Amino acid sequence: MGRVSEIREPRPRRRRPLRVVVGLLVLLSVIGYFAVQRASVGGGAPFCVASADASGRDGDSEKYEMSPEQAANAATIAAVGIAKGLPDRAVTIALATAMQESALRNLDHGDRDSLGLFQQRPSMGWGTPEQITDPVYSAAIFYDHLVDVPGYSRLPLTVAAQKVQRSGYPQAYAKHEPDATVLTAAFAGGGVLDCGGPAPTESGDPEKVREGLVRIFGKDGMHTFGPQGGPGGQAGRNGGGGRVVQEPEVTMVEKKEAGEAATRRSRAMAHWAVANSREMGIARVSYDLRGWVAGKDRGRWQDKSGAGAKNGDADPYGAAPGEVRIFMAR
């Protein structure tokens, strides 16, 4: 009798998750590429990061990340409060309120007829729709109502904000206080606002920047310089030192006798320029021996306080103490 061979079914082949592995590698490569771009030259999608402590922004410093639109609105809210001479507490209350009401976006809609950063209502006497959707106006009228609240700076943030806003959800403001405090430190205190992303591709208008700054801070000490670094295009300035600058610029020099108030205003002005750099075509900002360049240095402020910079001959774009210089893209 012949031998019957045992018939075995073929073993199923183990499929290696090759496609999954390849997909993960591709994804990690893409993430790594954009991370390197963002970290090295400020490329990739535009972004802004506020840090509560400039010296510790790489470590444990508290941070808040925003889009350029949100950063520009936050910078305007802070700048208006600082220009009014109000304390940091007022700025924090205003920022937390706008974070809750609009997520720092200048909305053209809202509950009933509410509009703008603070969702103010024309029907309730806050102004016309055109006024309310103007960030400078809406911030200014919020502060005007806030300072009418007795002892607002000593009140819990939710209480102070609610006395101005009359919101149906007054406790909602509280969750934004930590982030609003970080933003206040960045614009008015010891923190910093860094903004990365590609450099502007269109030329900026120095008169537009000047008008924006004058609306907030007033025109005292404000100068617009032509493309050769001097008024009307004349070369050289600051005692004829020959600092020839190709970009048109706007310069604000605060009165030295104003002391701490001037420093606070200058900081707010410099960070306002950085936050608005993409929209207004700003290529560089210099402030108090520090410099920011669009699309460079990971979108961060750099220290220009070396010996050469102090002598005024190391950086043709450098600003003297108390001075803010804003250079337009060309």
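**A tour of aromatic contacts and one buried threonine**

Select F142 to begin: at 0% relative accessibility this residue counts as buried, the term meaning under 20% relative accessible area with a 1.4 Å probe and protein chains only (exposed is over 50%, partly exposed in between). The model is predicted, with local features requiring pLDDT of at least 70 and side-chain atom pairs pLDDT 80 or more, while totals for chains, interfaces and linings use all residues. Residues are numbered from 1 along each chain as its sequence is written, and side-chain values use heavy atoms, leaving out hydrogens and water.

Rings of Phe, Tyr and Trp (its six-membered ring) pair if their centres lie within 6.5 Å; planes under 30 degrees apart count as stacked, over 60 as edge-to-face and the rest as tilted. Y143 is buried, as is F142.

A search of the whole structure finds three aromatic pairs. In one of them, F118 and F142 have ring centres 4.7 Å apart and planes at 15°, so they are stacked. F118 is buried as well, at 0% relative accessible area. Together, F118, F142 and Y143 form one aromatic cluster.

Next, select R284 and Y317. The charged end of R284 sits over the Y317 ring, 3.7 Å from its centre; the criterion is NZ of Lys or CZ of Arg within 6 Å of the ring centre and within 35 degrees of the ring normal.

Finally, select T158, which is buried at 12% relative accessible area. Leaving aside neighbours within four places in sequence, T158 is in contact (heavy atoms within 4.5 Å) with P170, Q171, Y173 and A174.
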